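Biologist: Before we talk about the fold, could you show me the model, so that we can go through its sheet and the helices packed against it?

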Amino acid sequence: MDFNRDESQDAVAEVVVSLLERNSARDNELWPTLVDSGLLAVALPERFGGDDMGLLEVSAMLTELATDAVQVPALATLGFGVLPLVGRVPDALAEKIFPAVAKGAVLTAALHEPGAPFALKPETTAVADGDVVRISGRKIAVPYAEQAQWLLVPTDSGIAVVDADTPGVTRVASPASTGAPEFSVHLEGAEIPAEQLLPDGIADLHRLALASIGAVADGLLKGVLTLTAEHVRTRHQFGRPLAEFQAVAQQIGDVYVVSRTLHAAALSANWALAQEDQSPEHRERVDNDLDVLAYCVASDLPAAMQKCHHLHGGIGVDVTHPLHRYYSQAKDIARWLGGASFRLDRLGARCSST
C-alpha cells in the first residue's frame, strides 16, 4: 500500500492552494470561485463535463480547504452528495444533478435522526404508490439543507433523492458552532418519482461521509497546528518566546503527535475505501479503519483544538483571529459523528467477539 498522493491528487491540492493564495474569502463568498475553478467537477463523470476522479482526489481537496478553515458546502456537496451518487443513480437523474453541481448546485445528505447519528436502520419511511414514493420522517443536523437543491435521505427502503423544494419538505434552522447553515428536516409524505429511490447504498453513503469528514478533520488539525506553532514561536513572555518554555513545548508536541495520528488514520481509511476490492475481508478492513478514524476525530480532535486554544491565551477568543474557525468546525463535525462515547461504543462492538 502507498499512501503518497499521486499526480492527480497533487494537481487538485495545488489548484486549491493556488486559489486560496489569490482569494481572501474563506466562507460562502468563495463558492463561486470554486465553481469557476472547475474543482466541483473533479468527481463528476466525464460525460457530464467532469474529470472522472474519485474519493482520493476529493479528500485531497477537502483537506486543503480545511487547512485554511474554509467554510463552504464542499464537504456536503462532494462527500455527502456526489460521491455516493456516482455510479448509482439512473441516467435520467444523473443528467439533472451532475451538470447542476458543476455549475454550483449544492447537495447534502440527511445522515442523522433524533438520538441516532449515522442511523444504521432509519425510521424514515419510503412507501411506494405506483410510480411515486412517499417519504416521511424527521432528520436532524443536515448541513446546508436550505441551500441544497437535492437531499439524500436514507429511509427504511434505501436512499431517497429528494428535490429540496418538494411539497412536504420542511426545514427548521438549528444552531451550529460555526454559524453555518444547519437544519432539521421534516418530511411528511414528500413524493418523489420511484426511480429516485435507490434501494442500496446507505452503508456506502455512511462510509464515504466518514472518510470525507476524516479528510476535513486532518486538514483542520494540520492548519491549527501550523497556526499555533507560529504563535508560540513569535509570542514572547518574560523576554522569551513561548516555545522555549518546557510546558508549552510539551503541549505543542502533544498536538503534533495527535495530528500525525489523525493524518495516518485518515489516509489509511480513505485509501482502503478507494480500492476496488469487494472481498469481505477488505470490506471489513475498510469498516475497521473508518471506525478508528471516527473515534479519533470525535475524541482527539476537539481536545487538540482546546489545547491550541489554551496556548493562544486570550487571543484565541478574539473573533478577528482565525483560531475560532478551526475550533468551531471541529466541534460541529465531532457532534455529527455522535461524540467520543458513541464512537467508542461503535468501535468496541466491532472489537468484541460476542
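**The sheet and its helices**

Biologist: Which residue in E4 stands opposite Thr 108?

Modeller: This is a predicted model, in which local features need pLDDT of at least 70, side-chain atom pairs count only at pLDDT 80 or more, and totals for chains, interfaces and linings use all residues. Residues are numbered from 1 along each chain as its sequence is written, and side-chain values use heavy atoms, without hydrogens and water. Within E4, the residue opposite Thr 108 is Leu 151.

Biologist: Which strands stand at the edges of the sheet?

Modeller: The open sheet has four strands in the order E1-E4-E5-E8, and its pairing is mixed. Each edge strand has a single partner strand, so one side of it is left without a neighbour in the sheet; these strands are E1 (107–109) and E8 (197–198).

Biologist: At what angle to E1 does H4 run?

Modeller: Helix H4 (helices are DSSP runs of H or I with at least four residues) lies across E1, E4, strand E5 (158–163) and E8. With axes fitted to C-alpha atoms, for helices over the stretch in contact, and angles taken from 0 to 180 degrees between N-to-C directions, the value for H4 and E1 is about 85 degrees.

Biologist: What angle does the direction of H6 make with that of E4?

Modeller: Helix H6 (residues 202–234) also packs on the sheet, touching E1, E4 and E5, contact meaning heavy atoms within 4.5 Å. Its direction makes with that of E4 an angle of about 120 degrees.

Note on methods. Two strands pair if DSSP finds at least two bridges between them. Helices (H or I, at least four residues) and strands (E, at least two) are DSSP runs, numbered from the N terminus.
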